Amino acid sequence: METLNLPVGKLKHDFLKELLPTHGKSAGVVVGPQLGEDAAVIEFGDNYLVATSDPITFATEDIGWYVVCVNSNDLAAMGALPKWLLVTLLLPEDATTPATVRDIMAQITQACAVFDIALCGGHTEVTPAVTQPVVIGQMMGVAAKDALFTSADARVGDVLILTKGLGIEATAIIARECEAQVREKCDTEFLEQAKHYLVDPGISVLKDAHIAIEAGGVHAMHDVTEGGVATAVFELATAAELGVVIYSDKLLGSPVLYSDITRTLCDMFGLNPLGVISSGAMLIAVAPEKGETICQAFDKAGIRADIIGKFLPYESGMWLEDATGTQQPLPVFETDEIAKLF
């Protein structure tokens with residue numbers, strides 16, 4: 001019913017699809033607003049200008065680092081080099097000190113320095129409209145016209161690689177935002193390791209994209225964010241108008257892509273690891289003959305990666321398959337599992 005309130009998180013895919021324009025692209029727009037695409041692409045002389053916008057709403061600690069990484073990930077998934085960042089910073093009244101603002105801005109400038117991105121503008125405001133700091137990034141970068149990747153370019157028969165694993169960002173957020181609860185059941189070393197997931201394995205996929213592109217055979221990439229790996233797979237397959245099968249044992253049954261730390265936290269708070277926010281992981285659709293080569297390149301670089309599925313014709317549907325070959329429909333998380341904690 002139209003009077004019911006919408007749930008926390010991204011708008012539902014069907015509802016969002018209703019809202020997106022269906023008329024032809026504006027002059028110069030190569031990739032406009034589409035489900036499953038990470039950024040917009042615009043004609044820019046001999047290159048493409050690639051642009052995205054993402055907010056940080058779940059995390060409160062180190063949100064400056066988050067906003068740089070999350071926005072640059074969207075550009076990396078398109079094969080673009082992130083170059084320019086604008087930031088809108090909304091701060092709660094009666095809970096914002098000069099030290100708070102200095103800390104957030106220091107995080108942003110430090111992250112920009114690490115990834116060689118120019119902070120070139122934005123807006124700051126203390127407002128009663130928010131109850132905690134909200135930071136919104138708008139990032140732009142450049143891609144060569146012969147080096148652009150879109151989610152729509154995945155093909156039937158492509159294998160699907162996942163880097164780093166399930167719940168990287170969720171692990172860091174839970175450890176930081178629910179520290180007291182985690183400390184009751186886990187020792188200090190565990191807690192600090194979980195917090196450190198923000199930088200190791202880290203929530204940036206710039207290196208992941210570079211390694212995959214250099215290895216060759218990549219057809220499409222997609223950044224994993226809200227709704228977790230399962231939802232990101234759905235988005236990628238939807239954008240390419242394909243079916244897909246995902247091997248659950250490669251995700252849930254292996255420490256390669258589901259670490260003991262992340263498993264412990266998901267079990268502790270009753271979260272489905274397939275549906276927790278997972279920035280730091282990247283989905284890569286690859287020609288089948290190049291799958292193992294790319295995984296070996298990741299291994300050489302010290303990045304965990306594995307083939308977790310393959311793309312099928314659209315009419316085959318989207319499935320999660322266990323080690324016995326039993327299939328169930330691929331779950332899609334309209335509301336991220338981590339929202340249960342907030």
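**View 1. D116 in the loop between helix 3 and strand 5 (118-127) of the predicted model.** Although D116 is not a glycine, its phi is positive, at about 55°. With a relative accessible area of 67%, D116 is exposed. Most residues other than glycine have a negative phi.

**View 2. D94 in the loop between strand 4 (81-92) and helix 3 (98-115).** D94, a residue other than glycine, has a positive phi near 65°, and its relative accessible area of 81% makes this residue exposed.

**View 3. The cis peptide bond from D200 to P201.** The omega of this bond is near 10°, and the loop between helix 6 and helix 7 (206-215) holds D200 as well as P201. D200 counts as partly exposed because its relative accessibility is 49%, and its C-alpha is 26 Å in space from that of E235, a residue 35 positions away in sequence.

**View 4. Packing of helix 6 (residues 188-195) with helix 10 (residues 260-269).** The two helices pack at an angle of about 100° with their axes 10 Å apart, so helix 6 is roughly perpendicular to helix 10. F190, Q193 and A194 of helix 6 make the contact with I261, T264 and L265 of helix 10.

**View 5. A nonpolar patch on the surface, formed by L6, L11, F15 and L19.** Together these residues have about 360 Å² of accessible area. Among them, L19 is found in helix 1 (residues 13-19), and L19 counts as partly exposed because its relative accessibility is 48%.

Definitions and conventions:
Residues are numbered from 1 along each chain as its sequence is written. This is a predicted model: local features need pLDDT of at least 70, side-chain atom pairs count only at pLDDT 80 or more; totals for chains, interfaces and linings use all residues. Side-chain values use heavy atoms; hydrogens and water are left out. Patches are made of residues with over 30% relative accessible area and no salt bridge: like charges are joined within 9 Å, nonpolar side chains (Val, Leu, Ile, Met, Phe, Trp, Tyr) within 5 Å. Accessible areas come from the Shrake-Rupley method with a 1.4 Å probe; for residues, only the protein chains shown count as cover. A salt bridge is a side-chain nitrogen of Lys or Arg within 4 Å of a carboxyl oxygen of Asp or Glu. Helices (H or I, at least four residues) and strands (E, at least two) are DSSP runs, numbered from the N terminus. Buried means under 20% relative accessible area, exposed over 50%, partly exposed in between (1.4 Å probe, protein chains only). Axes are lines fitted to C-alpha atoms, for helices over the stretch in contact, and angles run from 0 to 180 degrees between N-to-C directions. Angles under 35 degrees count as roughly parallel, over 145 as roughly antiparallel, 65 to 115 as roughly perpendicular and the rest as oblique. Contact means heavy atoms within 4.5 Å.
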